[in-house]
Amino acid sequence: MIICISQSGETADTLAALKNAKACGSKTIAITNVIGSSITREADYTLYIHAGPEIAVASTKAYTSQIVLLTLLAIHFAEVLGLPDKSIIDNLKTEILELPSKVSIVLENTAMIKAFAQRIYKEKDVFYLGRGIDYATALEASLKLKEIAYVHSDSYQSGELKHGPIALIENDVTVIGIITDRRLVEKSISNLQEVIARGAKTLIITNQELDSNLFPNIFSIPKINPLLSPILSIIPLQLLAYYVSKEKGLDVDKPRNLAKSVTVE
């Protein structure tokens with residue numbers, strides 16, 4: 001079985017991969033936001049994210065909706081296979097239903113993110129660090145800063161910091177860390193202390209208890225199952241890209257050189 005994800009349903013590379021998979025006899029599932037798009041006509045099954053009309057090229061709501069839908073799909077597979085313990089699935093379902101209220105909490109406390117954007121909007125380089133599932137969030141956060149604020153940014157697995165990227169850290173460089181898994185807190189803190197020792201200024205997105213004396217810029221999000229944490233942790237980082245773009249006087253909804261649908265390979 002092949003699962004193909006395309007917001008527009010017209011992404012050329014994804015559509016080509018789907019056709020190749022079908023030619024090999026695979027079952028195909030399309031995940032998209034556009035009813036009747038090319039990918040829905042080719043796939044055996046379609047799951048719509050129902051995010052509504054996408055105005056901005058860098059559609060943040062589609063990203064969030066995709067994560068939620070993929071999580072629900074994983075839960076369904078687990079139930080069909082009888083894995084894992086039923087209590088784990090039940091707890092995940094409960095926490096998914098609590099997401100709207102927790103998202104509201106994040107959105108009510110964004111003044112710090114806006115203030116940080118005002119500090120860094122003229123910078124040319126920003127680095128994002130995350131371990132485990134937080135690395136996926138770092139990738140999306142870095143992409144959004146590139147797309148709508150035209151700031152060069154890189155995202156790294158925190159454990160890879162000393163394998164090269166640390167050479168780029170110098171006085172006043174911005175490093176953004178994401179820490180949502182309690183099992184990885186100690187190692188993540190160690191990485192961020194390394195960049196602070198080299199003069200970096202940091203912003204930490206976390207739902208863990210961190211020492212504010214070590215990290216002056218901590219944005220706290222509600223606690224949630226680590227498997228769902230990317231849904232909350234990405235919100236302040238997408239907003240950071242938005243605020244940086246606005247500070248630079250750019251059109252957030254229509255970034256240069258980007259198209260809503262990538263229709264050529």
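Q: In this predicted model, which residues is I113 in contact with, leaving aside its neighbours within four places in sequence?
A: I113 is in contact with L203, I205, F219, P236, L239, L240 and Y243. The term applies because contact means heavy atoms within 4.5 Å.

Q: Which residues touch the most other members of the largest nonpolar core?
A: This core has 41 residues, and I113, Y128, L145, L237, L240 and V244 touch the most other members. Helix α9 (residues 229-247) supplies the largest share, 10 residues. A second, separate core holds 17 residues, including L129, I179, L192 and L210.

Q: Why is the aromatic pair of F127 and Y156 called stacked?
A: The planes of F127 and Y156 are 25 degrees apart, and planes under 30 degrees apart count as stacked. The centres are 6.4 Å apart, and the limit for a pair is 6.5 Å; therefore the two rings form a stacked pair.

Q: What makes this pair a tie between separate parts of the sequence?
A: F127 belongs to strand β4 (residues 125-130) and Y156 to strand β5 (residues 152-157), so the pair ties together parts 29 residues apart in sequence.

Q: Why is the pair of Y242 and Y243 called edge-to-face?
A: The angle between the planes of Y242 and Y243 is 65 degrees, with 5.4 Å centre to centre. Planes over 60 degrees apart count as edge-to-face, so the term applies.

Q: How do you know whether Y243 and Y242 are buried or partly exposed?
A: Y243 has 15% relative accessibility, and buried means under 20%, so Y243 counts as buried. Y242, at 33%, counts as partly exposed, because that term covers values between 20% and 50%.

Technical notes. Residues are numbered from 1 along each chain as its sequence is written. This is a predicted model: local features need pLDDT of at least 70, side-chain atom pairs count only at pLDDT 80 or more; totals for chains, interfaces and linings use all residues. Side-chain values use heavy atoms; hydrogens and water are left out. A nonpolar core is a set of buried Ala, Val, Leu, Ile, Met, Phe, Trp, Tyr and Cys residues joined through side-chain atoms within 4.5 Å. Buried means under 20% relative accessible area, exposed over 50%, partly exposed in between (1.4 Å probe, protein chains only). Helices (H or I, at least four residues) and strands (E, at least two) are DSSP runs, numbered from the N terminus. Rings of Phe, Tyr and Trp (its six-membered ring) pair if their centres lie within 6.5 Å; planes under 30 degrees apart count as stacked, over 60 as edge-to-face and the rest as tilted.
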